[in-house]
Amino acid sequence: MSEATPRVAIVTGAARGIGAATAQRLAADGHAVAVLDLDEANTKETVQAIEAAGGTALGVGADVSDAEQVQAAVDRVAAELGPPVVLINNAGVTRDNMLFKMTEVDWDVVMNVHLRGAFLMARACQKYMVDATFGRIVNLSSVSALGNRGQANYSTAKAGLQGFTKTLAIELGKFGVTANAIAPGFIQTEMTKATAERLGIAFDDFIKGAASQIPVARVGQPEDIAHLVSFFVSEGAGFVSGQVVYAAGGPRA
């Protein structure tokens, strides 16, 4: 990959947290990055950070669970940046509750963003990857895929992404496309801060409590996941596909 012809990457849910850190890391690696989020206005900070560091970025607004919006977004990226051959499916939401309190809306929203969104984005981008005989898809799963109290919807969606990833690896491998998943543990983001607030726990105490259970004795940062994404999308990772890496500071944390 030369500086004159950077590969184009799309990162969903890239306005903040893991998505923002990943978008900035991929830009630093030399990619032109489409910063996609529900509201285009919210992508401004990430886009500006990339451009300030000398990178190329485009803010795009789209609901990843809406097929028409996804297709329009991918078409725009292809027209303005070039064919998207790297896709990071990071967009996510939580609607935590115990099963007996969980509504159909709580269930459907989480399924639509995580699973339907990843499917729609991958379907829209795969033709560009096949044409280029090169592609990298990274789906963000979670340690919650192993089961987590109060997260029947989220756990199910994140487990589903692992099966989706393995199937993409099988179907697209012969076209030079790899698909892998990352399952983060506790990462210090606005989402985990919201969880602490919901539980009525001070965020600093929430972080300390989590760190005490993690073998490396700290919680994760968005950049920890961005580093792993960087490896998966690299040229050197071309023989690694269909894998799920638990990035959690230990076997399970």
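Predicted model: local features only at pLDDT ≥ 70, side-chain atom pairs only at ≥ 80, totals over all residues.
The overall picture comes first. The protein has 8 helices and 7 strands. Its C-alpha trace spans about 50 × 35 × 35 Å along the principal axes. A compact globule of 253 residues would have a radius of gyration near 18 Å, and the 17 Å of the protein agrees with this. Of the 253 residues, 49% count as buried. Among contacts between residues at least 6 apart in sequence, 71% join residues at least 24 apart.

Next, consider a single residue. T43 lies in the loop between β2 (32-37) and α2 (44-52). Is T43 buried or exposed? T43 has a relative accessible area of 2%, and because buried means under 20%, T43 is buried. Leaving aside residues up to four places away in sequence, T43 touches A15, V35, L36, D37, G59 and V60.

The last stop is a pair of helices. Two packed helices are described by the angle between their axes and the distance between the axes. For helix α3 (residues 67-80) and helix α4 (residues 104-132), the angle is about 35° and the axes are 10 Å apart. The crossing of α3 and α4 is right-handed. On the α3 side, the contact is made by A67, V70, Q71, V74, D75 and A78. On the α4 side are R116, L120, M121, R123, A124, C125, K127 and Y128. The residues of this contact divide into 9 nonpolar, 1 polar and 4 charged.

Conventions
Residues numbered from 1 in each chain as written. Heavy atoms only, no water. Axes fitted to C-alpha atoms, helices over the stretch in contact; angles between N-to-C directions. Helix = DSSP H or I, 4+ residues; strand = E, 2+ residues; numbered from the N terminus. Left-handed = near helix turned anticlockwise from the far one by under 90°. Contact = heavy atoms within 4.5 Å. Nonpolar A, V, L, I, M, F, W, Y, C, P; charged D, E, K, R; others polar. Buried < 20%, exposed > 50% of the residue type's maximum accessible area, 1.4 Å probe, protein only. Rg over C-alpha atoms; globule rule 2.2 N^0.38 Å.
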